[in-house]
Amino acid sequence: MVDFRQYIQPIEITRSDLITKFGGNETIKNNNEEIHLDFYLRTMDPDNELERRKLNFTLICYPEQKTLTINEKNLMFDNGILHFLLIVRHLNDGRQLIASLEVDKQLNFIFDTTDLSALEDIMNNLEDLASSNPKQAVELITGVADRLNQMSDNNPSENTNEAETKTMNDRMASMRSKMLTSMNTVFNSVDDPNTVDKALKASATVTANSDQMPLNNQEKGADIIEKVGTKVKDMNSTDDETVTNLATSLLNVGGNVLQAASRTVSKDKENNPDAVIENLESDMKVTENEETDTKVLYAPTQFYDACDECETLPEDRWEEFRHKLAEEKKTIIEGRERASNIAKRSSDGLFTVGDTLVNRSSINETKTIESKTMTMTFTKASPDGKSSLSVGDTNIRLPDLSDLNFGSDSSEVFTKILESKNNPFASTHGNTSVQGSVVTIILSGPDGSEMSVKNTTKPISIRLTRPIDKQPQYQQYDLQGKSFQYHKVNLPEKQMTLSVYLSPNSSSMDTYAVFVSFGVNETALEPPTESKFDLLFIIPNQTVLESTIDIYSDDEHELRHTIFMPPSVHLGNGTYIFGVKLLDTNMTKNLTEHNSGYTINMYVSKCQYWDEKRFIWSSDGCEVGSLTTLKSTECLCTHLTTFGSDFFIPPNKIDFTTVFKKFKTLHENAAVFSTVIGIFSLYILAAIWARRKDKLDLIKWTATPLIDNLPIDTYHYLLTVHTGFGKESGTTSNISFVISGESSDSGMRKLTDGKIKEFSAGSIRNYVMSVESPLGPLLYLRVWHDNSGVKERASWFLNMINVLDLQTGEKSYFICNDWLAVEKGDGLVDRIIPLASSKELKNFSHLFTESVKKKLSDAHLWFSVFSRPVRSNFTRLQRISCCISLLFCTMISNAMFYRQDTQTMTNKSGVLLKIGPLEFTLTQVLISFFGTLVVLPINIII
């Protein structure tokens, strides 16, 4: 905060007849970066204009509230209006003028990297300061780190390119590295709890930006967490509140470090070297060896096409590229291993503080501390198999102590649970497949030693909540009478669990039979029938809840209406078709006339734990529990470690065999059928129209001779006439012209071939003009018409006329862009158009207009059907066919994701943007993106 004092002084006004326009648009300008004031040019002495240099100007600026908020990016006048006070005084006779102005706008000042250089200079002596004066070093680091965070936040990436952003982040990362080194030095020498807490808060500020926390910085952050964890453990005389505050501050540092580790491993998910090599090897150049009758693989075809002038052979470049990818893979694996170790060390340091807290607790007391991205819960209570623990969004139930089989007779057991919203663990082979939070559970004795829990008699129940944007979305369908409604889904892995939620919409008494058919070959798989099926389920299931006690009241209805298919129930990975049919359990309904609406949702779940020795996510000893719902996954595991869950929502699969079978009951899908038939009918009519227009275009495409050409003329020019696109731009009036050159002119000529008289809007016509001898370099063109056209066809908007010398190839351009009309423009029907200069041809307005015209008339698929330029091999009929293909492909892709966002819009969760009555959610954006990806390839091929 900077204090600006308001200077007020009495001013005696002798005369006030100085002329000023203070505050006018030309006097003061605000371009959102600077305020420009220009008083001199607009203030003068009316008695003697030449004496203006004897005027003295004093400008005073002050805010309404006397304070301004300043940071590196903005000077914010958000606490009051900025006042300008201008005093103009004549130096000869003392006449004065006082004028004031209020500015209620934000002034922005662009961030300057010289400020960063100044901060870098401070880093040079930071380590010495940390050793000699730790408290002062903590204050300095806090200020510098806070300044770095402000600079990063106020330097948005849209204002800089990728290289500049990377350079900036590297410089700031280097500075954070020095500060973390100094913070480690500070923690070596300070033991005072208050100073340790301040140092932890400073460390949290240093580690706040994940983009500037590479692995080296993360390891230094983990050092701090381990060091402070041990230090807090030894603070025996410190009160409980102070220790809790220290634990909270340390959790903030841990959250930042784990978030940085998570960001590190997530950067290489989409750049998997193995996938790149596999993709390239699928396109290998193959030749036959006739002598040995074998195939010889050389290199992917792109290595033969990409570089014709390279000095090395394609095979050598391919081997070099493979070696490069192998090095990248090695770097990625090392990074993932380091990130995993960083997360393990950070968790151990946090659990050390947890031991201190739980040792200070009474029996059965539970303590919880939270940060923005992490939650940690501790309790001193032996598991009894009945009570559960909640940490963040996760619920955990441990079996009885006798069922844990950890080989200890200790009566005192400490339970420590750490939940992180960020996943810092990624398998070293392949991409990580865990979404949402990860949870680490540890049982330890009073001395903090970890108890080994393996092969428990009863499983440990862990319920992991799905993020809102990852929760499956509802789909609604109607079921008529005794007919089937089919749904197809693909199960990618045998270890995964498939769940199908099916609930009636209107009548809660409706009962459904769900027949399931399974097959590995999707194309050969037939939908199930009442006589031929692989699995059968009845919904609702009246027995699913009889033996369970861990039921949330909100989940009871959902679980009764869920088909739960773990690996022990389903038939392996492959394609499943679910056939839903309405049942009449009490024989009182006429099913032929009864219609039922239902909601269905299909999703796949998988429980995994982090294998610290192999650096992979594994499902050994873990399975998905029967209490899994749309909002959470229940994991049942026989050991303790770090857990996570994987889940995804498969798109609706369209079975074209069943689609065509439904044509037998067209009355049940009259709206869809009518829409398809209507579109096909419109296409047939449009195709007939387009074919006729294509034939006319061929005629218009031809360059025809002017009607007044003489047989004895031997020199020829090609005239290209461009008519404007606007309404009523075309004409049927008789047009004449004269082209003048340095040698001679063409004489008065008629602009027609005697066959086609009309120049329609947007048309491009070509004519051959013959003259007796060359006209020389062309100078100007005179063009006019007799205004004889009927009504709106009398006037003409001429865009331009291009003249090509067919003997020399020289082109001349005559740009008009004006009306030849009595009732429009300037009323002239006769214009002289000079030869366009190079500057005119490169003028932005001309280039922009021509570019837009070309893109709309030729490049835009839909618009070009009607405005297609005649000189194009892409016919109107072909364009309409592409349009209909795109329309039907889009309809099919939309069907794949039909009603996928019903739940999101119902509970109003996940709304990204709201404009009036329109709401856009993340689900809708993703559906649009995936729908485009589905449609794009086939239409590019077409």
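Which cysteine does a disulfide join to cysteine 622? I looked this up in a predicted model. The partner is cysteine 637, with an S to S distance of 2.2 Å.

**Entry 1: the disulfides**

I searched the whole structure and found 2 disulfides. For the link of cysteine 622 and cysteine 637, I read 120 degrees about the S-S bond, and the link is right-handed. I then noted where the two residues sit: cysteine 622 is in strand 30 (residues 622-624) and cysteine 637 is in strand 31, so the pair ties together parts that are 15 residues apart in sequence. I found cysteine 622 buried, and cysteine 637 as well.

I turned to the pair of cysteine 607 and cysteine 635, whose sulfur atoms are 2.0 Å apart in a disulfide. The torsion about their S-S bond is about -90 degrees, so this disulfide is left-handed. Cysteine 607 belongs to strand 28 (residues 595-611) and cysteine 635 to strand 31 (residues 632-637); the pair links distant parts of the chain, 28 residues apart. Cysteine 607 and cysteine 635 are both buried.

**Entry 2: two other cysteines**

I checked cysteine 816 and found it buried, because its relative accessible area is 15% and the cut-off for buried is under 20%. Cysteine 882 is in no disulfide: the nearest cysteine sulfur belongs to cysteine 883 and is 7.1 Å away. Cysteine 882 counts as buried, at 16% relative accessibility.

**Entry 3: helix 3**

I compared the length of helix 3 (residues 134-153) with what its 20 residues should give.

Where do the buried residues of helix 3 lie around the axis? I listed them as Pro134, Ala137, Val138, Ile141, Val144, Ala145, Leu148, Asn149, Met151 and Ser152. They cover an arc of only 155 degrees, which puts them on the same side of helix 3. On the face turned away from that buried side I noted the exposed residues Lys135, Glu139 and Asp153.

I followed 5 strands that form an open sheet with mixed pairing, in the order 33-37-34-39-40. Its edge strands are strand 33 (704-705) and strand 40 (811-820), each of which pairs on one side only.

How many bridges join strand 34 to strand 39? I read 7 bridges between strand 34 (residues 715-723) and strand 39 (residues 796-805), and the two run antiparallel. I also noted that threonine 720 stands opposite asparagine 802 in strand 39.

Technical notes: Residues are numbered from 1 along each chain as its sequence is written. This is a predicted model: local features need pLDDT of at least 70, side-chain atom pairs count only at pLDDT 80 or more; totals for chains, interfaces and linings use all residues. Side-chain values use heavy atoms; hydrogens and water are left out. Two strands pair if DSSP finds at least two bridges between them. Helices (H or I, at least four residues) and strands (E, at least two) are DSSP runs, numbered from the N terminus. The expected span of a helix is 1.5 Å times one less than its number of residues. Buried means under 20% relative accessible area, exposed over 50%, partly exposed in between (1.4 Å probe, protein chains only). The arc is that of the directions from the helix axis to the C-beta atoms. A disulfide is a pair of cysteine sulfur atoms within 2.5 Å.
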